[in-house]
Amino acid sequence: MIRKIARRIARIPTIPGRAVRLWQREGTSGVREKILDKLFPNRPKFDDWEQYHAGLRPHVRRQFRRRLDQLENPPRLSIVMPVYNTPERWLREAIASVQNQLYPHWELCIVDDASPKKHVIKLLEDLSKADPRIRVQRRHQNGGISAASNDALAMVNGEYIVLMDHDDVMPEHALFRIAEVIRQDNPDFFYSDEALVTPDGDVIQFMFRPAFSLELLRSHPYIVHLVGFRRSLLENIKGFRPFLTVSQDYDLILRASEKAERISHIPEILYLWRQHDTSTGHDRKSQVMEISQDLLSEHLQRSGEAGSISTSFRFNFFQVKYPIKKSVKVAVIIPTKNCGHLVKQCLESFAKYRGKVDYEIVLINHQSDDQESINYFNSIRDRHTVLYYEGAFNFSAINNWGIEQIPLHFDESFTHYLFCNNDIEAIETGWLDRMVEYGQKEDVGIVGAKLLYPDGISIQHAGVCVGMHGMAEHFAKFMHDRLPNGEQEPGYVGALIASHELSSVTAACLLMRRDAFEAINGYDETLAVGFGDVDLCLRTRAAGYRVIFCPQATLIHHESYSRGKTFQGDPHPEDSAKFFKRWKSIIVAGDPYSNPNIAISSQEWEPKERLELPIKTRSRCYDLNTHQFIGPDAPFQAPD
């Protein structure tokens, strides 16, 4: 559904302004009838949210209150709300949503930024007099959102700070979820999912986010609402930078991520974000892009990383290019049995689209019996290393054996291995360079590429979701790589245009650090055919390395399109059983780089047909020092 929404928005760029003007004339019913229902025929309906929120039944509230009574040392939460000229109804709804919280241990710190509209300060004064938990200050001179937010931060007494806009709404269990996650995870900052709503509160779209990904954050400010921080962390980074009037939240989150040790994602809708074109971000898009680009450059400098930032074709998306170290040298491992025409196509395309990275081809001939293929393999021996492997087919064993032979054929050592199928075809210069940019980082063990089917239109691989279809499956499989207007399909939260962490990628084209390969003893040869590459990635994650999907490296994978669509039986049941036993925890709990609100059968990130409010508080807590998820349901635990 997200893909369909993106395509329709691409065709109708003026929808936000039209929707607001129509709402002003005809109200919610007019927006629904004339725009939303036509633009998003399968969009989430307001009833979906009502049904979800109806899960907060009396017996559920009683259970939550019992858990609150048992919560040791409940944290005091300080909600920070800068206010300026807010329409009265929206301001009342925002404050009422805080007052209606099930969790009682909060304070609401409001700073009015010298609003000229008289109803604002009167309303705030009346509400603060009636509720001592609401504390109000007024600036005598308008200083902008950062200045007002910093003034509000100076008022707080709580252990944790929650940011809230003056025209949005929190569901009544939001602070309860936050309190439980704080005591469970001890995070430095946290964020949740949210719903986008019309000015009247109709749900337009659900935003279900993945677990924390540093590279995604550098490509796109995907963390928006609800977000909160340990007070000492914000004190350490000195809050908002007062000179920023746009992108101030993105800057704050970037700086917080540099100092944080633990970041928790709460995969639940804890915020309703009101969409209207009077907000600063809507008015100043070009300035937002320019300032965010500068903020990202400063972030890289503070992080001790060299890199250049360029803007993307899409609003609020960026590309980071890291300089490639001269010491990088890649061994390209290509196993094959026959298929000389595919191998020739692969090698010639690599040569045609060769970039800056130095590489050597290591072709593993597995008992080929096609004379034409044998003749071709013999003809390239003066340019490339051709090895001969005997024995039964075992994908893992063949690749491990090929790596073992490298010291016998090369005087120099390699820093990386590129595991590559014989039917991969390069289509653009610099694809390997982009993969190496990430793979050269000491904490990145594996980098995967975006793969297209031979038609060049349909996506074959955009990373692997562990647990999809019961075991593991490719994200975006069979989706189109382009929108009708010719632009690249952005995918869910930019998953098809922004580099980001994942649990796994396919070994059809997989770059791996040599030291990471050696640290986990390579492929597990007991997985002969199926899931050997997914297991390789998960063990690499368990060893403390990151796995990155790099969509800027796009190649063709000549896997049969019809065969790719076939889901008949299990071709490798023994491998499947072993894989499931080893990685049952992540398969059952769900891939942290997907979302429990996303249908596990959907390769296009479609929401579940029926959203249910969970009784148990869920979180995915990421440790930035170890690159591990922690907690009772944490995935990527090292196998026995």
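User: Which residues of helix 19 are buried?

Analyst: In this predicted model, the buried residues of helix 19 are Gly532, Asp533, Val534, Asp535, Leu536, Cys537, Leu538, Arg539, Thr540, Arg541 and Ala542. The helix spans residues 532-542 and is described as mostly covered, with eleven of its eleven residues buried. Just after helix 19, glycine 544 takes a positive phi of about 100°.

User: Why is the pair of phenylalanine 395 and tyrosine 523 called edge-to-face?

Analyst: Two rings count as a pair if their centres lie within 6.5 Å, and planes over 60 degrees apart make the pair edge-to-face. By this rule there are 23 aromatic pairs. For phenylalanine 395 and tyrosine 523 the centres are 5.5 Å apart and the planes stand at 85°, so the pair is edge-to-face. Phenylalanine 395 belongs to helix 16, tyrosine 523 to the loop between helix 18 and helix 19, and the two are 128 residues apart.

User: What makes phenylalanine 395 and tyrosine 523 buried?

Analyst: The cut-off for buried is under 20% relative accessible area. Phenylalanine 395 has 18% and is therefore buried, and tyrosine 523, at 3% relative accessibility, counts as buried too.

User: Why is the pair of phenylalanine 419 and phenylalanine 517 called tilted?

Analyst: Planes under 30 degrees apart would count as stacked and those over 60 as edge-to-face. The rings of phenylalanine 419 and phenylalanine 517 have planes at 35° and centres 5.7 Å apart, so the pair is tilted. Because phenylalanine 419 lies in strand 14 and phenylalanine 517 in helix 18, the pair ties together parts that are 98 residues apart in sequence. Both phenylalanine 419 and phenylalanine 517 are buried, and Phe395, Tyr417, Phe419, Phe517 and Tyr523 form one aromatic cluster.

User: How do you know that strand 5 and strand 8 pair?

Analyst: Pairing requires at least two bridges, and strand 5 and strand 8 have eight, in the parallel sense, so they pair.

User: What makes lysine 285 lie over the face of phenylalanine 315?

Analyst: The distance limit is within 6 Å of the ring centre, together with a limit on the angle to the ring normal. Lysine 285 lies over the face of phenylalanine 315 at 5.2 Å from the ring centre, and arginine 354 lies over the face of tyrosine 359 at 4.0 Å from the ring centre.

Technical notes. Residues numbered from 1 in each chain as written. Predicted model: local features only at pLDDT ≥ 70, side-chain atom pairs only at ≥ 80, totals over all residues. Heavy atoms only, no water. Helix = DSSP H or I, 4+ residues; strand = E, 2+ residues; numbered from the N terminus. Buried < 20%, exposed > 50% of the residue type's maximum accessible area, 1.4 Å probe, protein only. Phe/Tyr/Trp six-rings, centres within 6.5 Å; stacked < 30°, edge-to-face > 60°. Lys NZ or Arg CZ within 6 Å of the ring centre and 35° of its normal.
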